[in-house]
Amino acid sequence: MKALQSILLPVAASLVAIAIGAILVAALGYNPVSVYGSLISGAFGSLGNLGNTLTASLPLIIIGLGIALSFQSGLFNIGADGQYWIGATAAVWVGYHFTSLPGWLHMLLCLAAGMVAGALWAGVIPGLTKAFVGAHEVITTMMMSYIAILFARYLIEGGPMQEKGYIPQSPLIASNTQFPYFTQGFARSQLSPISMLIAALAVLVAWFLLYKTTLGFSLRSVGLNPRAAKYAGIRVKLYIIIALALSGLFAGLAGAVQMLGVDHQLLDGFSSNYGYTAIVVALLARNNPLAVVISGLFFGALTTGGQNMQIVSNVPASLTNVLTGLIIFFVGCERIIPQVIGWYRRRRSARAQTPAS
Amino acid sequence: MIFSNPEIWALTLSMAIPLALPAVGGTFSERTGVVNIAMEGIMLIGAFFGVAFSYWTGNAWVGLFAAIVCGALTALALAWGAIHVSADQTVLGMGINIFAAGLTTFLLNTLFGYNGTPVNTPKLPSVSIPGLDHIPYIGVIFTNQSVLVYVGIVLIFLSHWFLFSTRLGLRMRSVGENPLAADTLGIPVWRLRYLGVVLSGVFSAIGGAYLSIGILNGFTSNMTSGRGYIALAAMIFGKWTPLGSFGAALIFGFSTALGIVLQGHGVSSNILQMIPYALTILALTGLIGRSTPPAADGIPYEPRR
C-alpha cells in the first residue's frame with residue numbers, strides 16, 4: 001500500500017498539474033493537445049531530441065541524488081545551485097591550468113576539483129553552523145548559494161578568471177579535458193557517453209552508500225530520529241556535516257560534468273536553475289536514488305520539450321515552470337490524501353449510523 | 001567623498017523599501033509560526049498584476065489594488081497548504097516561487113508579446129514631502145520618491161506597533177511561540193496563522209508593485225531578481241521584528257546603492273552584493289547578536305477537538 005502510494009502520489013500530482021496547464025493554455029486560445037504534442041515530440045521525437053533530453057537530465061539526476069541523500073539525513077539542502085556553480089568554477093579553473101597533464105588524468109582532476117569544491121561549500125559553513133550552533137540549513141545553504149553565484153560572476157567579470165578582452169567569460173578548458181560526443185546516433189546533441197557513465201556510476205554509488213553501508217545507515221538514522229540516533233551512539237553532529245558535504249559533492253560533480261561535457265567554459269548568466277529543479281526531482285522521486293533517474297528524465301524532457309513547444313506552437317517555454325511549481329506544491333500537499341480518505345470514511349460511517357438512530 | 005553626496009542616501013532608501021516590505025510581511029508569517037520563503041514569488045505576482053491592471057484600467061492605483069489581491073490569494077494557497085494540510089512549508093514556498101516565476105513570464109509573453117509590457121502603462125506618482133524636501137543635505141532623501149516609499153515607511157512603523165503593542169499582535173506572536181498554550185486559552189491558532197500569512201502576501205505584493213509601477217512602469221521577466229530572498233535575510237537579520245527588518249533592509253539597500261554609485265570605480269558590485277548574505281549567516285551563527293526564530297516556526301499545529 002505504502003509503495004503504491006509513493007508511486008501514485010507523484011504521478012497524480014503531475015497529472016493534476018498537466019491538467020491545470022491545459023486549462024490555462026486553452027483559456028488563452030491555444031489547443032492544449034497540439035501544445036502538449038509539440039512538447040512531447042520536442043523531448044522524444046528524434047534521436048537528436050532524445051539526446052538533448054538526456055543531456056538536460058544528467059545534471060538534474062546527479063544533483064538530485066545529493067539532495068535525496070540530504071533529505072534522507074533529515075536536512076534540506078536548498079542551496080545546491082550554488083554548490084553546482086562552485087563545482088563548475090573549480091573544474092573550469094583546473095581545466096585551463098595544468099595543460100601539460102595527460103587528458104584522462106586532467107579530466108579526473110577537474111572532476112575531483114568540482115566535487116571537493118561543492119562538498120566544502122556545503123559542508124564547511126552550513127554543515128559546521130548546523131552541527132554546532134543549530135543555524136538552520138535552509139537559510140545558510142540558500143545564502144551560500146547566492147554568495148557562490150556572485151563569487152563566480154565576480155571571477156569572470158573583471159576578476160582573475162576573465163578571458164582577455166571585454167566579454168565576461170572564462171577561457172576554454174583544455175581540449176583534451178572536453179568529453180567526446182557521440183559520432184552517430186545522438187550526434188546532433190551535446191550528449192557524451194562519459195557524462196552518461198558518470199551519472200550512472202553516481203546513481204549506483206548513492207544507492208549503495210545509502211542502503212548498503214554503515215555510513216548510509218547512520219545517515220538515515222539521523223534523518224529518521226536524531227535523538228534516537230544519538231542514544232544509539234551515532235555521532236549526530238558528525239553525520240550532519242557529512243550529509244551536507246556529500247550533498248554538495250554531488251552538486252559539485254554535476255557542475256564539473258556539465259562544464260567538461262557541455263559548456264567548456266564559465267559564461268555569464270548563471271541562471272540554469274538546475275539546483276532548484278533538482279530539489280523537485282528528489283521530492284518527486286521520494287528521495288530514492290533509483291527513482292531519481294526517472295524523475296530526472298521527466299524534468300529533462302520538460303525542459304527540452306518546452307523549448308520545442310515555444311518554437312512549434314508559439315506557447316512560451318515558461319509554461320514548464322508553471323507545471324513544475326504546481327507539481328512541487330501538490331507533492332508538498334501529500335497529506336491531503338489521507339485527510340480526504342479520513343473525511344470520506346467519517347462521512348460514510350455517519351451516513352450509516354443515521355438510519356439506526 | 002561619495003558619502004557626502006546625499007543622493008546615495010536617497011538611493012539607499014529607495015532600494016531598501018522593496019526589501020523591507022516583504023521582510024515585514026515575512027515577519028508576520030513567521031511570528032505566527034508559518035515559514036515563508038515564497039516572498040520572491042509573491043513579489044513577482046504583485047509586480048506583474050500591478051502592471052497588467054494598471055495598463056488595462058489606465059489607473060495605477062487599481063493596479064496596486066490588483067497586486068495586493070493577487071498577492072493575498074497566492075499567500076492564501078501557501079496558508080492553506082501549511083495550515084490545513086500540514087505540508088512542509090519550505091517545499092510549498094519553493095513550489096510557489098517556481099510557479100510564480102513561470103506564470104508571470106508565461107502571461108507576460110502570451111498577453112503582451114515578447115517586446116515587454118506597453119510603454120504607456122501608468123505608474124504611481126512620485127512625490128516630495130513639502131517642508132522636508134527643502135532641508136539642506138537630507139532634503140534629497142524626501143524629494144521625488146515614489147509615493148509607496150512613504151506609504152511603506154508608515155506601514156512598517158504601524159506593523160511594529162501592531163505586533164508588539166496590541167492585543168491581536170500579542171495573540172499572533174503567542175501562536176508562533178506556543179500554539180498549544182494559545183489554543184488552551186481559546187485563541188484561534190489557525191485563523192491567526194491565516195492572518196499572518198495573508199499579511200505577508202499583502203506586504204510582499206506591495207513590494208513587488210513598488211518595483212513595477214512605483215519606480216518603473218513595466219514588468220520584465222524575473223524583475224525582482226532575488227529581492228524576496230534578500231528580504232528573507234533582512235527578516236532574520238532584523239530578528240523577526242518589523243523595525244529590525246527595516247534597519248536590516250536599510251543596511252542591505254545601502255550596499256546595493258554603494259554598488260550602483262561605485263560602478264566603474266574598481267570595486268566589484270558582485271562582491272558588495274554578497275554583504276547581505278554574509279551578514280545573515282553571521283547573525284544566524286551568533287557572531288553578531290544571535291537571531292533566534294519563533295519557537296513554533298515551521299511546525300504545523302493540529303488543533304485538539
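Helix H2 comprises residues 39–57 of chain B, and helix H8 comprises residues 189–215 of chain B. The two helices pack at an angle of about 55 degrees, and their axes lie 7 Å apart. The crossing of H2(B) past H8(B) is right-handed.

The contact draws on several residues of each helix. On the H2(B) side, Met39(B), Ile42(B), Met43(B), Gly46(B), Ala47(B), Gly50(B), Val51(B) and Ser54(B) take part. They meet residues of H8(B) that include Gly201(B), Ser204(B), Ala205(B), Gly207(B), Gly208(B) and Ala209(B), as well as Leu211(B), Ser212(B) and Ile213(B). Sorted by class, the contact consists of 9 nonpolar and 8 polar residues, with no charged residues.

The UniProt record, an unreviewed entry, assigns the feature "transmembrane region" to chain B at residues 6–25, 37–56, 62–83, 95–114, 134–164, 194–220, 240–262 and 274–292. Two of these spans may be described in turn. In residues 6–25 of chain B, the end C-alpha atoms are 29 Å apart, and the span is 95% helix and 0% strand. In residues 134–164 of chain B, the end C-alpha atoms are 34 Å apart, while the span is 58% helix and 6% strand.

As to confidence, chain B has an average pLDDT of 91, and 97% of the residues score at least 70. The model has an ipTM of 0.91 and a pTM of 0.91. Where pLDDT is low, predicted coordinates should not be read in detail.

Note on methods
Residues numbered from 1 in each chain as written. Chains lettered and ligands numbered in written order. Predicted model: local features only at pLDDT ≥ 70, side-chain atom pairs only at ≥ 80, totals over all residues. Heavy atoms only, no water. pLDDT = per-residue confidence, 0-100. UniProt positions renumbered as here; feature names shortened; annotations may be inferred. Helix = DSSP H or I, 4+ residues; strand = E, 2+ residues; numbered from the N terminus. Axes fitted to C-alpha atoms, helices over the stretch in contact; angles between N-to-C directions. Left-handed = near helix turned anticlockwise from the far one by under 90°. Contact = heavy atoms within 4.5 Å. Nonpolar A, V, L, I, M, F, W, Y, C, P; charged D, E, K, R; others polar.
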